[in-house]
Amino acid sequence: MQRLPPLPDLEFTDTLPFARGHGDVYFSGEGLDEKRAVFLGGCGLPEAWAGREQFLVGELGFGTGLNLLALWELWRAHRPSVTARLDVLSFEGLLMPCRAAARVHAGWPELAALSAQLRDKWPERARGVQRIVLGDGVTLTLHVDDIGAAVAEARAQCDAWFLDGFAPAKNPEMWSAEVLGHVARMCAPGARAATYTVAGDVRRNLQAVGFEVARVPGHGRKKQRLEARLVAAGAPRAAGPKRVAIIGGGIAGACAARAFVRRGCAVTVYEQADQLGAGASGNPTALVMPRLDAADGPAARALLEAWLYARRFYSELGADAVQVLDAVHLPRGEREVARFAKLMADPPLDETLLRAEGAGLRHLGAVAVRPEAALPQLVAGAAVRFGARVTSVDGIDADLVVVCAGMGATEIVGSDSPAIEGRLGQVDWVAADGVARAVADGGYTVEAFGQIVFGATFEAADGAPRVSEAASAHNLDILARLRPDVTAMVSPPSSFDTIASRSFRMRATPATGARAAVRATTQDRLPFAGAAPGKEKAPDGTPAPTERHRLIGGLGSRGFLWGPLLAEKVASETFGEPSPVEACVAECLNPGRFRARAMRRGRL
């Protein structure tokens, strides 16, 4: 299977699309009226969400996005409150290009404003999960993959389901007993489902997994359609926290603050320093670019999904905090030349985001973030307590505590924290006024916000972070290798002090500086995000989670890449929302994975 998902083979009659591959239309000529009658009416909307602060809709077949637009329009007109949130979990194997969706949407001018908002954030052509935050409290979580693989990896508790695949005779996989079994698994108690088809196999498969099914009058030329309700018992969705404490004011803590504030929580950030980003997140500029693996797998999906979410996440910040640029990744040695060649032979992204650059890669739409401006924006709406050194989660007056304290996590939660180690990283910088761009080859240079930041070291930490002559020499070698056009402007420093930031002299530019900080990393170099594992064992023998606090950490040198998705994952799990990652990805990011491995090996 190719990593890049296939495109639909489309044929248009005016604005009506026909899928040649399935030999079926996406909808009848009545389109929007059909959607409203079959799916919105069939699931009892808007009455079903009356008085609810949170409502989840699942959908088999994202298609043209027309179901989402119809639902969004109804939600805007009948939103239970200004704080109510609507989550839409959708699945699509053949993602329609945005330009084709625009042609479809043009048939309904009354949806033009919503269509423009959706198309502005249209999903990328990539396998996996994409979390897209829309307006009016609406969030789309889209799985792009073959339906059998996608539904097995999804986690949610939906209140309603739109079953909108192509006709069962032409798309049997979408209507299989296995797929509908996963639909039932992802239902809240009493969930409703609706579909246009009354095929016998569909009715029987729905009944077999616990739905009561009824034929009702159809819409337009269709005599009948189905409405169903899940009668099997299930646990209700847990209510999310109202008061959240976040320990740490770096990028992980700031992203967590934004995630919980967006969900209406009263958030307090505890930062022991007198400013945000005083630790590893405080460099002048952070480069956000992907790290793409040559083969698919949970870790590769995690990195890809973090990248796609981070791009959308940072686009919400202003130009003083974020600059979009291209990042060129050059190979270091023949092994990396071969790895890049293998990657481009079966790329995970299309040419809008990833292209070959000689023997290297060009990442289009990478992001430079200025933490000094970005972090305050991310914690907007939260209370921030500076100079607050927290040594334990006990005694903090909150419903939930999220520990984002880097190397301090071990002191705060003790053995509940995965083992982490510190790696000292130093960057240097020089003033510049060129076009925003980045070049990397293991080291990196990023030009943005009037300067070039370059480095970085990644060495064992020994005591407090300090800039050093050896580290600056290392970084100057990186600058010479990647940006020889500016190397002649810089002269090495003649002496160093012992603090984490300092300035040194320049030949041709007025200001150069350096900064060192300790980054927290894990033994497998992947971060962690989720419930802290307790010392007791669950019935299956794995560590049982400690419910009152969550952990985000081990971000290493990619904090600004990982931070947004990890925070969204934790907040989604806390509120019982659809997971923004597959189950296999969640497992490889689980804070308890190290203890579970040790248990399996008999070491605990």
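Predicted model: local features only at pLDDT ≥ 70, side-chain atom pairs only at ≥ 80, totals over all residues.
Local features need pLDDT of at least 70 and side-chain atom pairs count only at pLDDT 80 or more, while totals for chains, interfaces and linings use all residues. Residues are numbered from 1 along each chain as its sequence is written, and side-chain values use heavy atoms, with hydrogens and water left out.

**Exercise 1.** Determine whether the span of helix 13 agrees with its number of residues, and which face of the helix is buried.

*Solution.* Helices (H or I, at least four residues) and strands (E, at least two) are DSSP runs numbered from the N terminus. The expected span is 1.5 Å times one less than the number of residues. For the 14 residues of helix 13 (residues 469-482) this gives 20 Å, and the end C-alpha atoms are 20 Å apart, so the two agree.

Next, apply the burial cut-offs: buried is under 20% relative accessible area, exposed over 50%, and partly exposed in between (1.4 Å probe, protein chains only). Ala471, Ser472, Asn475, Leu476, Ile478, Leu479 and Leu482 of helix 13 are buried. Viewed down the helix axis, these buried residues fall within an arc of 155° (taken from the directions from the axis to the C-beta atoms), so they line one face. Glu469, Ala470 and Asp477, on the other side, are exposed.

**Exercise 2.** Describe the open sheet and locate its edges.

*Solution.* Two strands pair if DSSP finds at least two bridges between them. Eight strands form the open sheet, in the order 6-7-5-4-8-9-11-10, with mixed pairing. Strand 6 (128-133) and strand 10 (211-217) each have a single partner strand, so one side of each lacks a neighbour in the sheet.

Within the sheet, strand 4 (residues 54-60) and strand 8 (residues 158-163) pair in the parallel sense over four bridges. Val57 stands opposite Ala160 in strand 8.

**Exercise 3.** Classify the ring pairs that Trp49 forms with Phe55 and Trp75.

*Solution.* Rings of Phe, Tyr and Trp (its six-membered ring) pair if their centres lie within 6.5 Å; planes under 30 degrees apart count as stacked, over 60 as edge-to-face and the rest as tilted. By this rule there are 11 aromatic pairs. The centres of Trp49 and Phe55 are 5.8 Å apart and their planes stand at 75°, so this pair is edge-to-face. Trp49 and Trp75 are also edge-to-face, at 5.0 Å centre to centre and 75° between the planes.

Trp49 lies in the loop between helix 1 and strand 4 and Trp75 in helix 2 (residues 66-78), so their pair ties together parts 26 residues apart in sequence. Trp49, Phe55 and Trp75 form one aromatic cluster.
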